[in-house]
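Here is a short briefing to read alongside the model.

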Amino acid sequence: MLEVELCDIKMKNPTMLAAGVLGSTAASLNWAARSGAGAVVTKSFGLHPNKGYVNPTTVEVTGGIINAIGLSNPGVDTFYGELEKIEKTTPTIASIYGASAEEFSQIAAKVENLVDIIELNVSCPHAQKGCGASIGADPKLTGEIVKAVKNAVEIPVIAKLTPNVTDIVEIALSAEKAGCNGLTLINSLGPGIKIDLDTANPILSNKFGGLSGPAIKPVALRCVFDVYDAVEIPVVGVGGISDYRDAIEFIFAGARCVQIGTSITYKGLDIFKEITDGMKKFMYNRGYESIDEMVGIAHK
Ligand SMILES: Cc1cc2nc3c(=O)[nH]c(=O)nc-3n(C[C@H](O)[C@H](O)[C@H](O)COP(=O)(O)O)c2cc1C
């Protein structure tokens, strides 16, 4: 009933672990898979090791959290060792970032034998200069990176887009035209800031960061709704999903799959089973037999 295909990759259900929330080690990716996720996305990794920002890198705010981790990761050569230890029971998606089409292509080519899909992080709102959202805000650059990675690998390539642009549809269309096989919407919103009343300083070491969690759900849902109308390739929805009702809303808006990030910090990895059990009951009660028949029905 919950089975779904994303870019010809079969998933037992449409839920996925979102990039960056756990996903830094094989152990945490395997744990998410065993907890019932239909697929797992790694923490974004780049060509070289990156320390990221110093603490504090996350702060809780009403409706979610603001984070500026700064894409800390050990680099592709070390992360390769983690990818080798992943149990092959659940599709694995490698989230990668870089500062150029060449860097993205090099990383993707190094890991394509160990993963099912590449997710291009062209959308991090607190990445170092030249990476992340500075790419994803530019339709031409986004298209160039998609094209280069598509030429470098055989496996499907998905681009994860930022909501922090004037027109996300323009970026989505450019990625699709360049040969992208799917789109993940959205990375965290913002950037946002929180100030400590005692010290009168911004709390995060980087001062600002990306907002995630339930507060961003209506924006994420609108991005999925708009992009679904404009493209032919599948859309993966992410942003503020905390229960099965949220997941169904995203599917009705046009998402084929949904990713869960911040809510794991509130509910733990049991959230995957909670959401899939809830979805099954909802579908049974409403007479839906497959995810496919629910995708995008809010557009009728
Ligand atoms: C602590 C933290 C780290 C994140 N790291 C990444 C990352 O490495 N790559 C990426 O593409 N997105 C990253 N994200 C963004 C999430 O994957 C997701 O797009 C966003 O948080 C919205 O979903 P959510 O509200 O379910 O968390 C991160 C989010 C959080 C909260």
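Strands β6 and β12 run antiparallel and are joined by three bridges. In this predicted model, I65 has S212 of β12 as its bridge partner.

**The open sheet around β12**

- β6 and β12 belong to an open sheet of four strands, ordered β5-β6-β12-β11, with antiparallel pairing.
- At the edges sit β5 (58–61) and β11 (189–193), each of which pairs on one side only.
- On average, neighbouring strands in this sheet are turned by 40 degrees against each other, direction ignored.
- β12 (residues 208–212) is also joined to β11, again by three bridges and again antiparallel.
- Along that pairing, L189 stands opposite L211 of β12, and G192 stands opposite G209 of β12.
- How enclosed is β12 by the rest of the structure? Four of its five residues are buried, so β12 is largely enclosed.

**The barrel**

- Eight strands close into a barrel with parallel pairing, in the order β3-β4-β7-β8-β9-β10-β13-β14.
- From one strand to the next, the twist averages 25 degrees.
- Helix α8 (residues 244–253) packs on the sheet, where it touches β13 (235–238) and β14 (255–260).
- The direction of α8 makes about 145 degrees with that of β14.
- I118 stands opposite V157 in β9.

**Annotated binding-site positions**

- An unreviewed UniProt entry carries the annotation "binding site" for K43, N67, A68, I69, G70, L71, N121, N187 and S188.
- From this set, the lining of the largest pocket takes in K43, N67, I69, G70, L71, N121, N187 and S188.
- L71 lies in the loop between β6 (64–67) and α2 (76–84).
- Is L71 buried or exposed? Its relative accessibility is 4%, so L71 counts as buried; the cut-off for that is under 20%.
- Leaving aside neighbours within four places in sequence, L71 is in contact with S44, N50, Y97, N121, C124, H126 and A127.
- N121 is found in strand β8 (residues 117–121), one of the barrel strands.
- N121 counts as buried because its relative accessibility is 5%.
- Not counting residues up to four places away in sequence, N121 touches S44, L71, S95, I96, Y97, F104, G132 and N187.
- With S44 there is also a polar contact, made between the two side chains at 3.1 Å.

**The annotated active-site position**

- Which residue does the UniProt annotation "active site" cover? The unreviewed entry places it at C124.
- C124 is found in the loop between β8 and α4.
- The relative accessibility of C124 is 6%, so this residue counts as buried.
- Beyond neighbours within four places in sequence, C124 is in contact with L71, G132, A133 and N187.
- Of these contacts, L71 and N187 also carry the "binding site" annotation.

- Seven of the ten residues of helix α6 (residues 168–177) are buried, so α6 is largely enclosed by the rest of the structure.
- The buried residues of α6 are I168, V169, I171, A172, S174, A175 and E176.
- In reading that list, recall that an α-helix has 3.6 residues a turn, so residues three or four places apart point the same way.
- The elements covering the buried residues of α6 include α4 (133–136), α5 (139–152), β9 (157–161), β10 (182–185) and α7 (217–230).
- D167 caps the N-terminal end of α6, with a side-chain oxygen 3.1 Å from the backbone nitrogen of V169.
- Following α6 comes G179, with a positive phi near 105 degrees.

How values were computed. Residues numbered from 1 in each chain as written. Predicted model: local features only at pLDDT ≥ 70, side-chain atom pairs only at ≥ 80, totals over all residues. Heavy atoms only, no water. UniProt positions renumbered as here; feature names shortened; annotations may be inferred. 1 Å grid on protein atoms, 1.4 Å probe; cavity = no way out; pocket = protein on both sides within 12 Å on 5 of 7 lines; lining within 4 Å. Helix = DSSP H or I, 4+ residues; strand = E, 2+ residues; numbered from the N terminus. Buried < 20%, exposed > 50% of the residue type's maximum accessible area, 1.4 Å probe, protein only. Contact = heavy atoms within 4.5 Å. Polar contact = N/O pair within 3.5 Å; in protein donor to acceptor, adjacent residues only side chain to side chain. Pairing = 2+ DSSP bridges. Axes fitted to C-alpha atoms, helices over the stretch in contact; angles between N-to-C directions.
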